[in-house]
Amino acid sequence: MFAFKPSNFGVVKRAFSSSAAANAAKVAVLGAAGGIGQPLSLLLKHNKLISHLSLYDIVNTPGVAADISHINTASKVTGYVPDNDGLKLTLSDSDIIVIPAGVPRKPGMTRDDLFYTNAGIVKELAEAAAQYAPKAIMAVISNPVNSTVPIVSEVYKKHNIYDPRRIIGITTLDVVRASRFVSELKGTDPSNEKITVVGGHSGVTIIPLLSQSGHSFTDEELKTLTHRIQFGGDEVVKAKAGTGSATLSMAYAASCFVDSLLRALVKGEKGIIEPSYVKSNLFSSDNIDYFASNVELGTEGVAKVHPLGKLSAYEKELLSAALPELKKNIAKGADFVVSGK
Ligand SMILES: NC(=O)C1=CN([C@@H]2O[C@H](COP(=O)(O)OP(=O)(O)OC[C@H]3O[C@@H](n4cnc5c(N)ncnc54)[C@H](O)[C@@H]3O)[C@@H](O)[C@H]2O)C=CC1
Ligand SMILES: O=C([O-])CC(=O)C(=O)O
C-alpha cells in the first residue's frame, strides 16, 4: 500500500456479488462530493480493477460524477443524490462501499466531538447498505472511526447480515504518516518504510510500533515521532484553521487501501496486509472487541487478523494508555445503535 500503483495487469475471474464484470468491481463512495470524497473518487477512477464507480452524496454528486466520468479510463461513473431512490441505485450490486460522509474537525475539537453528528450519518448509510448491498465489504473513513465501525456492526447485527470480515475501519493514513515521518528523520525512501500502526484512530489510541521498523531511535526521537504520528491529524486541522481536516492525504491513503482490497477481492492475490481497525480477539479478555493491527485481506474482506508481535516497554505503556479510551469509544458506538443513546 505504500506507493500508489494502479493495477493494470491480467486479472483472474471470481464469482462476484455484483453484476459488474467478473474481473473488476463496483465500488460505491458515500460522501463523494466532500473534501475526501472528491479526490478519492478521482484516484479510484484511475483504478483498472473498478468497473463501476458509484458516487453518492446529499448534494452535488451529479456534477462530480459528470466531471470524473470524462477521464479516459474504462470504468463507468454514476452519481446520485437522495431523490429518486439515489441511495438504492448507488448501493445495489456494490462489491465495496467506502464511507467518507460526515463532518470534519475544527481546531480545538477531538474526533469524539464529531460523534453525535457523524454517528447518525453512518447509521443511516449502514441501514441502507444492509438493505441494498448486504454482501459488500464496508470500509469506513468517517470519524470517530473507533466508534463508527461498531455502529456499522450493530446495524448489521440488527439486520441479521453481520459478518465481521466485511466491516473495516480505514486507518491507513496513520501508516502513511508514520512511514513519511520516519523517512524524513532517517533520510530514507518512504515507500520502503513499513511501519505498523495498531490500536485505533484517535490520539493516544494510535500506537506506532517503531521498535518493529528496523531502525533504532533515541528516547527523544521515539517520543517526538510517536506524538507526531498520534496527533498528525491535529497538525492538519490546525494548519487548515477551521476549514477542515486532512482530505488529500486521506484520499491517497484510502485509494491505497481500496487498491489492496481490490487486489485481494478481484485478483485473489494472497498475503496482502493492511493495518486496519476490525473486529478482533486480540484484547477480548479486556472486553475490547475492535482493534487495529496488521490485517490480511482476502476475497471476503478480512482473511486474518495478525497479532501485534513483540512490543518494547515504551509500546506497552502506549498500549496501556490506549485500551481504556478505545473501550469507551467502542461502547459509545455500540450503545448508539443498541440502546439509541
Ligand atoms: N479515517 C481517517 O483516517 C480520516 C477520517 N476523516 C473523516 O472523514 C469525514 C469526512 O471528512 P471531509 O471529507 O473532510 O468532510 P467534508 O465535509 O468535506 O465532506 C463530507 C461530505 O459528506 C457529505 N454528507 C453528509 N451527510 C451525508 C449523508 N447522510 N449521506 C451522504 N453524504 C453525506 C457532505 O455533503 C459532504 O460532501 C470526517 O468525519 C473526517 O473526520 C478525515 C480524515 C482522515
Ligand atoms: O484529524 C482528523 O480529524 C482527521 C483524521 O482522522 C486524520 O487526519 O487522521
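1. Domain organisation. In this predicted model, the domain assignment divides the chain into domain 1, covering residues 18–171, and domain 2, covering residues 172–329. The centres of domain 1 and domain 2, taken over C-alpha atoms, are 21 Å apart. Their contact involves 40 residues from domain 1 and 41 residues from domain 2.

2. The side of domain 1 that touches domain 2. Several elements supply at least two residues each to this side: the strands β1 (25–30), β4 (96–99), β5 (137–140) and β6 (167–169), together with the helices α1 (37–45) and α5 (145–158). The largest share, six residues, comes from α5. Sorted by class, this side of domain 1 has 24 nonpolar, nine polar and seven charged residues.

3. An unreviewed UniProt entry lists residues 26–169 as "domain: Lactate/malate dehydrogenase N-terminal". In the model, the chain over residues 26–169 is 39% helix and 19% strand.

4. Ligand 1. The shell around ligand 1 holds 34 residues, and the closest are Gly-31, Gly-34, Gly-35, Ala-101 and Asn-143. Helix α4 (residues 115–132) provides the largest share of this shell, with four residues. By class, the shell around ligand 1 has 19 nonpolar, twelve polar and three charged residues. Because domain 1 and domain 2 both give residues to the shell, ligand 1 lies between them.

5. Ligand 2. The residues around ligand 2 are Pro-104, Arg-105, Arg-111, Asn-143, Leu-173, Gly-233, Val-236, Val-237, Ser-245 and Ala-246. Five of these are nonpolar, three are polar and two are charged. The largest share, three residues, comes from helix α8 (residues 232–240). Domain 1 and domain 2 each contribute at least three residues to the shell around ligand 2.

6. The peptide bond at Asn-143. The bond that joins Asn-143 and Pro-144 is cis, with an omega of about -5°. Pro-144 is located in the loop between β5 and α5.

7. Residues with positive phi. Asn-60 is not a glycine, yet its phi is positive, at about 65°. Asn-60 sits in the loop between β2 (50–56) and α2 (61–69). Asn-60 counts as partly exposed because it has 16 C-beta neighbours inside 10 Å. Asp-85, likewise a residue other than glycine, has a positive phi near 60°. Asp-85 belongs to the loop between β3 (76–80) and α3 (86–91). With 11 C-beta neighbours inside 10 Å, Asp-85 counts as exposed; the cut-off for that class is 12 or fewer.

8. Confidence of the prediction. The average pLDDT of the chain is 94, and 94% of the residues score at least 70. Two stretches should be read with these scores in view. Over residues 1–15 the pLDDT stays under 50, and the model has 34 contacts beyond four places in sequence for them. Over residues 17–21 the pLDDT is also below 50, and this stretch has 16 contacts in the model beyond near neighbours in sequence. For the complex, the predictor gives an ipTM of 0.99 and a pTM of 0.95.

Definitions and conventions
Residues numbered from 1 in each chain as written. Chains lettered and ligands numbered in written order. Predicted model: local features only at pLDDT ≥ 70, side-chain atom pairs only at ≥ 80, totals over all residues. UniProt positions renumbered as here; feature names shortened; annotations may be inferred. Near = placed C-beta within 6 Å. Nonpolar A, V, L, I, M, F, W, Y, C, P; charged D, E, K, R; others polar. Domains from an automatic or database assignment. Contact = placed C-beta atoms within 7 Å. pLDDT = per-residue confidence, 0-100. Buried ≥ 20, exposed ≤ 12 C-beta atoms within 10 Å, placed from the backbone.
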